Amino acid sequence: MSTATSERLAPWLFLAPALVVTAGVILVPVLQTLWMSLHDYVLFRPRNVPFVGLGNFERLLADEVFWISLVNSAWWIVLVVGFQFALGLATALLLNQSFWWRGLARALVVIPWALPSVIIGLTWTWMYDFNVGVLNDILLRTGLAREPIPWLAQPDTAFGAIVLALVWQGFPFFAITILAGLQTIPAEHLEAAEIDGATRFQRLWHVTLPAIRDVILTALLLRTIWVANSLDVILVMTGGGPGYATHTLPLYAFLRAYTGMQFGYGAALAIVLTIILLGVVALYVGRVARELGR
């Protein structure tokens with residue numbers, strides 16, 4: 001084997017173990033999910049798995065719960081990611097300032113992100129509890145409410161209550177990521193803008209945010225994918241109720257597969273969610289490619 005050939009093959013040989021593991025961990029389950037989505041796979045009759053083609057996908061188009069879950073998922077992503085980004089940006093700007101306990105503050109802000117989702121779900125469930133919840137206790141003591149509010153038991157408040165819990169859990173990701181981006185901005189740029197008479201907001205809008213635009217876009221993409229796939233906090237706090245008020249697409253797929261034992265239909269729901277997320281990623285990659293091509 002020539003030296004040139006060896007140099008071309010060397011990177012692939014080094015990557016081979018990682019590619020094999022990736023294929024085993026990701027590709028095989030994806031293909032299995034695709035196979036199940038094309039069959040009427042019900043766990044109660046594992047030996048009778050008829051091929052139905054696109055029957056499961058036709059079924060979900062007529063499924064009212066699917067459309068409710070899809071709309072809830074859209075609102076879920078927009079609200080959770082939007083508020084996480086806003087709170088994370090504000091926190092990053094604060095932690096980028098100089099104050100004597102800044103190191104401790106940077107360590108403490110990571111705590112919500114480090115906690116397991118189940119612990120967060122149980123903690124916020126206790127806070128929202130009708131009888132002993134701290135939130136109702138504060139509202140009653142301050143006179144803002146005349147009687148306890150069943151936050152997780154009524155459709156009008158359950159969705160917003162879970163959004164608040166996940167915003168608290170996820171904003172540290174944006175805070176730490178954006179803070180890292182802020183550290184890369186040369187101080188001379190901000191000083192020059194200040195000398196030119198730019199206000200603090202103008203420096204933020206015209207200097208700081210453009211300088212960390214790629215960091216923000218990447219963080220938004222990653223967090224959108226993670227939030228779109230999240231179901232653990234919802235499962236712990238409400239299980240998708242009351243009614244279908246907190247049903248999202250990944251939760252509905254999970255419930256159909258592991259509660260209803262309809263793995264074929266659950267796999268079809270998961271495939272639809274995957275296609276939607278791939279579309280979002282494609283839009284992002286296309287925009288980045290256009291930016292690099294200029």
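This is a predicted model: local features need pLDDT of at least 70, side-chain atom pairs count only at pLDDT 80 or more; totals for chains, interfaces and linings use all residues.
Student: How far apart are the end C-alpha atoms of helix α11?
Tutor: Helix α11 has 17 residues, 213-229. At 1.5 Å a residue, the helix should span 24 Å. The computed distance agrees with that: 25 Å.

Student: Which residues of α11 are buried?
Tutor: Buried means under 20% relative accessible area. In α11 the residues that qualify are Ile216, Ala219, Leu221, Arg223, Thr224, Val227 and Ala228.

Student: Over what arc around the axis do the buried residues of α6 lie?
Tutor: Helix α6 covers residues 117-127, and its buried residues are Ser117, Ile120, Gly121 and Trp124. They sit on the same side of α6, because the arc they cover is only 100 degrees. In general, an α-helix has 3.6 residues a turn, so residues three or four places apart point the same way. For α6, the arc is 100 degrees.

Student: What covers the buried residues of α6?
Tutor: Other helices contribute to the cover. Among them are α5 (111-114), α8 (155-182) and α12 (232-237).

Student: Is Ile119 buried, partly exposed or exposed?
Tutor: Ile119 also belongs to helix α6. Together with residues including Trp100, Leu115 and Trp168, Ile119 makes a nonpolar surface patch of about 850 Å². Its relative accessible area is 41%, so Ile119 is partly exposed.

Student: Which residues does Thr238 contact, leaving aside neighbours within four places in sequence?
Tutor: Thr238 lies in the loop between α12 and α13. Its relative accessible area is 19%, so Thr238 is buried. Its contacts beyond those neighbours are Leu152, Ile162 and Thr246.

Terms used. Residues are numbered from 1 along each chain as its sequence is written. Side-chain values use heavy atoms; hydrogens and water are left out. Helices (H or I, at least four residues) and strands (E, at least two) are DSSP runs, numbered from the N terminus. The expected span of a helix is 1.5 Å times one less than its number of residues. Buried means under 20% relative accessible area, exposed over 50%, partly exposed in between (1.4 Å probe, protein chains only). The arc is that of the directions from the helix axis to the C-beta atoms. Contact means heavy atoms within 4.5 Å. Patches are made of residues with over 30% relative accessible area and no salt bridge: like charges are joined within 9 Å, nonpolar side chains (Val, Leu, Ile, Met, Phe, Trp, Tyr) within 5 Å. Accessible areas come from the Shrake-Rupley method with a 1.4 Å probe; for residues, only the protein chains shown count as cover. A salt bridge is a side-chain nitrogen of Lys or Arg within 4 Å of a carboxyl oxygen of Asp or Glu.
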